[in-house]
Amino acid sequence: MVSPLLSCLSLFLIALQPAAAIWPAPQSFTKGSSILYLHQNIQITYNGAPPVCPDEGLDAKQFLYQQIPYTYGYVPYKLTSKEVVQAGVSRTLAGIFDSKFVPWKLHKPGSKWEPDLSQGQKWLKTLQIVQTGEDQPSAFKPLAGEVDESYDLTVSAEGHVKLTAVSSIGVLHGLESFSQLFYQHSAGTFWYTPYAPVSIRDAPKFPHRGIMMDTARNFFPVPDILRTIDAMAWNKLNRLHVHVTDSQSWPLVIPALPEVSEKGAYHPTQTYSPADIDQIQKYGAARGVEVYFEIDMPGHIGVVSLSHPELIVAYNELPYWWWCAEPPCGAFKLNDTAVDAFLETLFDDLLPRLAPYAAYFHTGGDELNKNDSMLDEGIRSNASEVLQPLLQKFIDTQHARVRKAGLTPITWEEIPLEWNVTMGKDTVVQSWLGGDSIKTLTGMGHKVIDSNYNFWYLDCGRGQWLNWDNGPAFSTGFPFNDWCDPAKSWRLVYSHDPTANLTADEAKLVLGGEVALWSETIDATNFDTLAWPRASAAGEVLWSGRTDAQGQNRSQLDAAPRLNELRERMVLRGVRAAPIQMTPRVDSFVQPGYFTMGLIETLVDHVSARSVLLLGPGLLLAYIIVAVVVRPALQEMKLARMSGARAPRIQSVLPFGIDFVYGGVRASMTYQNLVFWRGMFSHIPSHNTIEGRIAGRRIIFTADPENIKAILATQFNDYGKGKPFHAEWSPFLGDSIFTTDGALWHNSRQLIRPQFIKDRVSDLHVFESHMQTLFRAIANGGALNGEAQPVDIEAGNGKPVDISDLFFRFTLDSATDFLLGHDVKSLSNPRQEFADAFAEVQRVQSIIARAGALNSIVPRGSFRKGMKVINNFINQYIERTLRLSPDELAGKAKSDAGYTFLHALAGYTRDRQVLRDQLIAVLLAGRDTTACTLSWTVYELARHPEALEKLRAEILAVVGPTRAPTYDDLKSMKYLQNVMNETLRLYPVVPFNVRLAIKNTTLPRGGGPDGLEPVKVLKDTPIAYSTLAMQRRADLYPPASATFAPVDVYSPDRWSSGWQPKPWQYIPFNGGPRICIGQQFALTEMGYVLTRLFQRYERIDNYMGEIDGGNPALRAEIVLQPGDGVKVGLWEAKRTVNGEK
């Protein structure tokens, strides 16, 4: 118990002794402890024998070529190897001699750390630079990996330095490492290294190591860009990506199109001339930093409207969120030849000027909004099937122009992933959305640059730049965080591995990464502070790798002192890098009382109710006192020190919230959960977030879309499933996608997601055979007694049947068929062992989840018996599949009828437990999601025959009475989509959910008297949220009227009335990174079943009125299903045969 606490504290302590701070860490580095001094007269040679005098037999001309005297401020007059190296030597020595770096901050106060000058000096004599390879023409504008950047550096105890590299760029990197060995003595003009002898062997892990600088939202003067290039070279970063234009401004002067910058720049002084661009690129090339430019298109280009309004749609349209990610909006017209002519002129002017010093040109492509084309008179559509071919042609044309100029195109990830645009294999894709994007892209064969916003967006956490009026707008914006809050600390930046969870072949396609600084609130005055040294942290990941030579993750304990020293050097060289720590003056930062409080809370958290009961009444009393009195008191002390407010308290009369717990249990048993949740908030109408203590534990309940958005998306890293959830659910679902957090969850998602690609989702044949069995079961009035049971279809007209029971059987059959290739045939067997076991396990699991801390006393006999049946059933198919060799699996065509979800999973992993866990998780979701939604849909259509009539009319108009629908048919039926949306609005599949705060954090609102202040949340606080309660909040909808039904009334027509739910007010499949990856599969299956059902049946008799009186029983265990079933009678439509009824 003590050890983990001390380990956590030690992460904050920084060693107070010199650390030989080479940054980024070399691949191999050994050092000694001898002192050598450096003088400006050190003899330096390049590509020659060790220095000798000319009169010793060396040709004088050759001698002069070999010598590189230290020339202060040397600027290369052309890009040749020797010129680049000589300028590098000049900068290196100037950096040592001019920076005046006396490292007193790196040492413990009072310690003796400087060499004694009275003992005399041993001087460095020679610096021998040997370039073993010849720089090719592309050396100063290379594609990733074209230049060998490795170097070897040795410093002998006798004072001889040798730097060997294949290329001049490698020489520059070696010189930078050399400079980091030296300090200035406080006495004045003495510079020394305390580390001789030194041996360094080094090379980068990734060839692309960059920074993205946005010069469109705020302008950056040329000197500030050049200073950034210098800082990049000191960190061995080698790509500066300049996002030079956007909808906000166009600072780039194009002589062939002068009007674009004349009208698009913020001011005539805020432009980049061709001479400026030439200077920036040459300056970078001489320092090993390739500068390449991006003109984002076809979105993020609205500024062109100021000079060419005929080319742009949706410029500055409002409300902006309907048209773009941030104002002002604007996109190129995708079907206009004038746009193509404009771009041809632009590229013919610009690209030949960029090509001499760059290998890449970035064509953008992010965040293109489909709605923009609704305003394009040449398109008037936002349908993907209309826009995708136009975008494909657009990208093909622009990339062809880029290649014609001798450049390689780069694009943002949305182009291949969201728009399914096919691109050349040379095209590099920049990924920023995180999740499994990189695995997907590399799996498609694309080369990738990683800029995951969760780790490497350095502009995040600075708050909103938009302003909010008083009233509702203020409430919406509060507390005015930006979209990617929180800020990314250097430690978070340093923790990211671009190749995590990739196969070796996939990892080879990751060229490297870039940190990004979008400039909504950044300009030249604060860029340095925000970029550095956090970009340095990414630089070490990209140069040295996230793991060390032993395969262990690099430690903050090792990195912090080195990064702190690098930061000091950068500041002294003119870069305003931010501090990463206070100046060390103390030996520890342990707060009094922390250890004691941690022990108490750890004790409480790890003692189960069963162990307390077994150990007797004395321990029981102690447990109650600690859990119900002491821990809450300690938590209240912590909460008092946190910023933020408290939510209103749950009204409870009895101690420990006993009456509240009783009310919740009773509501669950009587299917009144919605009434219970609404009752919680009834005494505080302006609040939809509330908190209380249940048996001493603080729990927060919310039905606020902003809070739900924070939990699921904007503060995703603050909340998770948590260890208690995993402990409760893992006997059923194992380490599957539904029970895990962090890397385990990410791995599960990456494993499963490829199985739900469109080609798999749109393969509908798996449903059809089960539909025919379903029709027979409906006519039978229930499940068949064997597949061969004869059924009189005509006699089944109007026969009462619990259609909900049949839907659950249907989805179980189709799910097992899809997953395993084996139908359990529950529609043909009223008492199917696997189906019964699956239902019983779910029932007991629901009780376990609700019992909380007392779940260990829940009887589990039937649960274990059911799990044995489930595991035996699943495992036989796993074993059968694993008997196939990897080659047999790989050769099994995905179009084969026998190819299953399990086969696909086994192609990625042969771990039996992993296969078992993911199969059961997907089976749970695949069965229940669809069955519940179908059940509620028929329940409501039986009560609303006018909606059924409209639905059936659309179905017959699109597919007729008998033809099976295609995937495109289902997507084209708007009223069918409305019916499913309305069902999911009233009856979300997972009506109640919970997340655990995994660190001290907040919820955006719900605190304070008006409910607008953020709510403070301690680590390990459960947050219960209800999509059912949220989606039925009347205040989130327009007022009821003749054309808009009340919120609790089923009305598919509301979805075609012009109303659309605002973001996060309708989330039937969850949201954020954990959004359901099988939602399209579920919607496709629902749509298919409803279409086939109402091709066949034209009328529904409703028998539910006599059962529930028109008040549906909302049974919420794991999913929301009809508590009383759905008893209806279905009438087949009269068919026409040879013109007669």
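Colleague: In this predicted model, does Leu 654 count as buried, exposed or partly exposed?

Modeller: The relative accessibility of Leu 654 is 44%. Buried means under 20% and exposed means over 50%, with partly exposed in between. Leu 654 therefore counts as partly exposed.

Colleague: How many disulfides does a search of the whole structure find, and what pattern do they follow?

Modeller: A disulfide is a covalent bond between the sulfur atoms of two cysteines. The search of the whole structure finds two disulfides. With bonded cysteines counted along the chain, the pattern is 1-2, 3-4.

Colleague: Which residue does a disulfide join to Cys 324, and is that link left-handed or right-handed?

Modeller: The disulfide joins Cys 324 to Cys 329, with an S to S value of 1.9 Å. About the S-S bond the angle is -60 degrees, and the link of Cys 324 and Cys 329 is left-handed.

Colleague: Is Cys 329 buried or exposed?

Modeller: Buried means under 20% relative accessible area. For Cys 329 the relative accessible area is 1%, so this residue is buried. Cys 324, at 13% relative accessibility, likewise counts as buried.

Colleague: Which parts does the disulfide of Cys 460 and Cys 484 tie together, and how many residues apart in sequence are they?

Modeller: A disulfide joins Cys 460 to Cys 484, with an S to S value of 2.0 Å. Cys 460 lies in the loop between helix H12 (453–456) and helix H13 (472–477), while Cys 484 lies in the loop between H13 and helix H14 (490–495). The pair therefore ties together parts whose separation in sequence is 24 residues.

Colleague: What span should helix H7 have, and how far apart are its end C-alpha atoms?

Modeller: Helix H7 (residues 274–285) has twelve residues, and at 1.5 Å a residue these should span 16 Å. This agrees with the distance between the end C-alpha atoms of H7, which is 16 Å.

Colleague: Which residues of H7 are buried, and within what arc do they fall?

Modeller: The buried residues of H7 are Asp 276, Ile 277, Ile 280, Gln 281, Gly 284 and Ala 285. Seen down the axis of H7, these buried residues line one face of the helix, because they fall within an arc of 165 degrees.

How values were computed. Residues numbered from 1 in each chain as written. Predicted model: local features only at pLDDT ≥ 70, side-chain atom pairs only at ≥ 80, totals over all residues. Heavy atoms only, no water. Disulfide = S-S within 2.5 Å. Buried < 20%, exposed > 50% of the residue type's maximum accessible area, 1.4 Å probe, protein only. Helix = DSSP H or I, 4+ residues; strand = E, 2+ residues; numbered from the N terminus. Expected span 1.5 Å × (residues − 1). Arc of directions from axis to C-beta.
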